Amino acid sequence: MNTAFGIDFGGTGIKGAPVDLAVGDFAAERVRIRTPEPSTPAAVAQIFVELLERFPDRDGPVGVTVPGVVRHGVVHSAANIDPAWIGTDADAVFTEATGRDVHVVNDADAAGLAEVRYGAAAGRRGLVILTTLGTGIGTALLYDGVLVPNSELGHLEIDGHDAESRAANSARTREELSWEQWAQRLTRYYRTLERLFSPDLFVVGGGVSKEAASFLPLLDLSTEIIPATLRNRAGVVGAALYAAESADRAVR
Ligand code: BGC
């Protein structure tokens with residue numbers, strides 16, 4: 001299957017585009033719609049219907065990112081989204097609403113899949129840990145390119161705190177931290193990951209990764225750490241890839 005549709009569901013915007021899976025890029029211009037408030041599953045499903053109607057000639061499976069734990073289509077956590085998501089069979093709700101074959105995946109896992117297939121970690125073997133630094137910290141574990149889903153390492157307890165409450169990009173802006181101050185917190189965070197997993201590579205995604213030159217050189221780590229390259233396309237591209245691979249598996 002060479003194209004699939006990707007939808008990136010975030011706190012402020014819902015973005016969607018058909019994706020050319022041969023190259024890992026949008027096959028048509030992306031559409032963005034504001035996230036409804038409250039962002040309950042039913043309200044979000046309506047936006048997906050609208051989004052897909054904007055691309056009437058694009059069929060095929062649809063992948064959707066969700067910023068929470070997703071097991072077999074069911075959402076199990078909602079750290080930064082409406083609690084109504086918990087326990088929702090999102091695959092079923094979205095498939096029913098849109099009439100399409102929808103597959104839901106954790107947002108960081110989608111970004112990890114995209115970066116390992118098409119981006120910063122393409123062709124890298126061993127253990128790659130992708131982290132997204134945004135409102136929360138999302139993580140994806142990839143071993144020889146294969147995803148171990150729902151790692152949720154943003155919620156490790158470090159020095160008595162939920163790690164993302166101290167080291168996410170939202171903590172930097174909320175507490176008006178300098179790059180140096182934030183880099184100290186990130187060093188503490190990534191060193192904990194190093195101790196636990198001995199990874200071969202860290203990839204840093206999330207909107208702030210476009211400012212990587214301001215903070216990555218300040219980190220003091222033994223593991224190579226590089227910025228993501230797909231930037232804000234990673235969610236949509238990774239979701240589409242996940243959907244295509246899930247649909248293929250269902251056929252086999
Ligand atoms: C959630 C993760 C998500 C991350 C980034 C965390 O708070 O628990 O599931 O991947 O935020 O959105």
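This is a predicted model: local features need pLDDT of at least 70, side-chain atom pairs count only at pLDDT 80 or more; totals for chains, interfaces and linings use all residues.

Residues are numbered from 1 along each chain as its sequence is written, and side-chain values use heavy atoms, with hydrogens and water left out.

A pocket is here an open set of points, on a 1 Å grid over the protein atoms alone, where a 1.4 Å probe fits and protein lies on both sides within 12 Å along at least five of seven lines; its lining residues have an atom within 4 Å of a point. The largest pocket holds about 1000 Å³ of space, a volume being the space filled by probe spheres set on the points, which are joined across faces, edges and corners. Among the 42 residues of its lining, Asp-107, Thr-132, Gly-134, Thr-135 and Gly-206 are the closest to the centre. Because domain 1 (3-109 + 233-250) and domain 2 (120-229) both contribute lining residues, the largest pocket lies between them; the domain bounds come from an automatic or database domain assignment.

The second largest pocket, with a volume of about 400 Å³, is lined by 20 residues, and Leu-147, Pro-149, Tyr-242, Ser-246 and Arg-249 lie nearest its centre. Domain 1 and domain 2 both give residues to the lining of the second largest pocket as well, so this pocket too lies between them.
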